[in-house]
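This report is an introduction for someone meeting the structure for the first time.

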Amino acid sequence: NIFSGGGVMKMKNKLISLISAILLLLVGMAMTGCMPSMAKTPLGGAAESGDINAVKDLLAKASNACEEQEYGQTAYMLAATYDLTIFPLDIKYRTCRDEIYRILIENAYETFNKGGKCPLLLYYAAGGGCNDVVRGLLEKGYNPNEKYTDSTALSYAAFHGQLETVKILLNKGADLDSAITWLKESASKQLPHLNEPMNRKHYDKANQGIKVLSGLKPIYEGWSYNQKGNYDEAIRVFNRALEINPKDETALRGRGWAKYHKGSFNEAVSDFNKALENIEPTDKDLLKDALRGKAFSYLGFGDKETALNLIKQAKSASDYDNNYDLSLIYYAIGEKEKAWLGYK
């Protein structure tokens, strides 16, 4: 008998009393009409159950994934977890690799673009690795450090192992240190309960997120050195990062800019070329940055034609206003009239 022994028996009695009190409270709430309901819209119910056909049908009939259910949850929030039949042993999470989650997040983004309110859309898109939506929100000025119970989109993306999403957020100013702090605190809270499978899974995922962010930290320290003009230290840090991953475009771009500022134009061009080989075609800001760096490095050689062409390529890749950069180039090569008048 697992309840043998006086101390354990007292614990059992206390547990029974607590359960009885809770049941009495629930009965009282039901009798007085105060029982909270878990009402969901048809879309919310279909999203939570994983009924992809029903979700598609309801979205086609103008339902929207941003509509809040009771307790403030939206359809995409309800879709984020599944296989709850084995709760509390485990929870499984959907990502944008799951069609149902992807179409809900994309519908939410469309609603957002039309002026609709979509709470925590960046947070849930980041956790699911929905990178097109994450990029779109950030380009529209969405705050990358918006908090939800002290967690941010960056910590949530790292928790779920979404490395590409993590890099996108960091490139837009997400706070690396606060994300690491949250993950450490989240992991430490699980320590007394590691014998429980769900707590163990949470602990492992949080620690994996810490490992991911800690591995990227030197790269972003390198960018900080760049901003401070300490290019030798920036190059040292980027070199260390590239020993781990020679194809890391963030470190390659950072080292390229540091070498440009030091006047090592050949080496800078080489780094920017390698970075461009490893940047996704959809990452417009990164393409623009690498092409600009390459352009100014060629200008350092005195090759104005290549520099101008690269700035025009950067505009084609990201549709940014390149007049300022063109003016800088014309001014540098002595064509001041074009520099002051602008170039169209």
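Among contacts in the protein chain between residues at least 6 apart in sequence, what percentage join residues at least 24 apart? In this predicted model, the share of such contacts that link residues at least 24 apart is 56%. The protein chain is built with 18 helices and two strands, and of its 344 residues, 42% are buried.

**Helix H12**

Helix H12 covers residues 231-244, and its 14 residues, at 1.5 Å a residue, should span 20 Å, which agrees with the 20 Å between its end C-alpha atoms. Its buried residues are Ala234, Ile235, Val237, Phe238, Ala241 and Leu242. These residues lie on the same side of H12, because the arc they cover around the axis is only 165 degrees. As background, an α-helix has 3.6 residues a turn, so residues three or four places apart point the same way. On the face of H12 that is turned away from the buried side, one finds the exposed residues Asp232 and Glu243. The cover over the buried residues of H12 includes helix H11 (197-228) and helix H13 (249-261).

Isoleucine 219 belongs to helix H11, and its contacts, once neighbours within four places in sequence are left aside, are with Val237, Phe238, Ala241, Asp248, Thr250 and Ala251. Although isoleucine 219 and valine 237 are 18 residues apart in sequence, their C-alpha atoms are 6.8 Å apart in space.

Asparagine 107 sits elsewhere in the chain, in helix H5, which runs over residues 99-113. With neighbours within four places in sequence again left aside, asparagine 107 is in contact with Leu59, Ser63, Asn64 and Ala65.

The table sets out the relative accessibility of these two residues.

| Residue | Relative accessibility |
|---|---|
| Isoleucine 219 | Isoleucine 219: 3% |
| Asparagine 107 | Asparagine 107: 13% |

Is asparagine 107 buried or exposed? Asparagine 107 counts as buried because its relative accessibility is 13%, where buried means under 20%. Isoleucine 219, with a relative accessible area of 3%, is therefore buried as well.

Notes:
Residues numbered from 1 in each chain as written. Predicted model: local features only at pLDDT ≥ 70, side-chain atom pairs only at ≥ 80, totals over all residues. Heavy atoms only, no water. Helix = DSSP H or I, 4+ residues; strand = E, 2+ residues; numbered from the N terminus. Buried < 20%, exposed > 50% of the residue type's maximum accessible area, 1.4 Å probe, protein only. Contact = heavy atoms within 4.5 Å. Expected span 1.5 Å × (residues − 1). Arc of directions from axis to C-beta.
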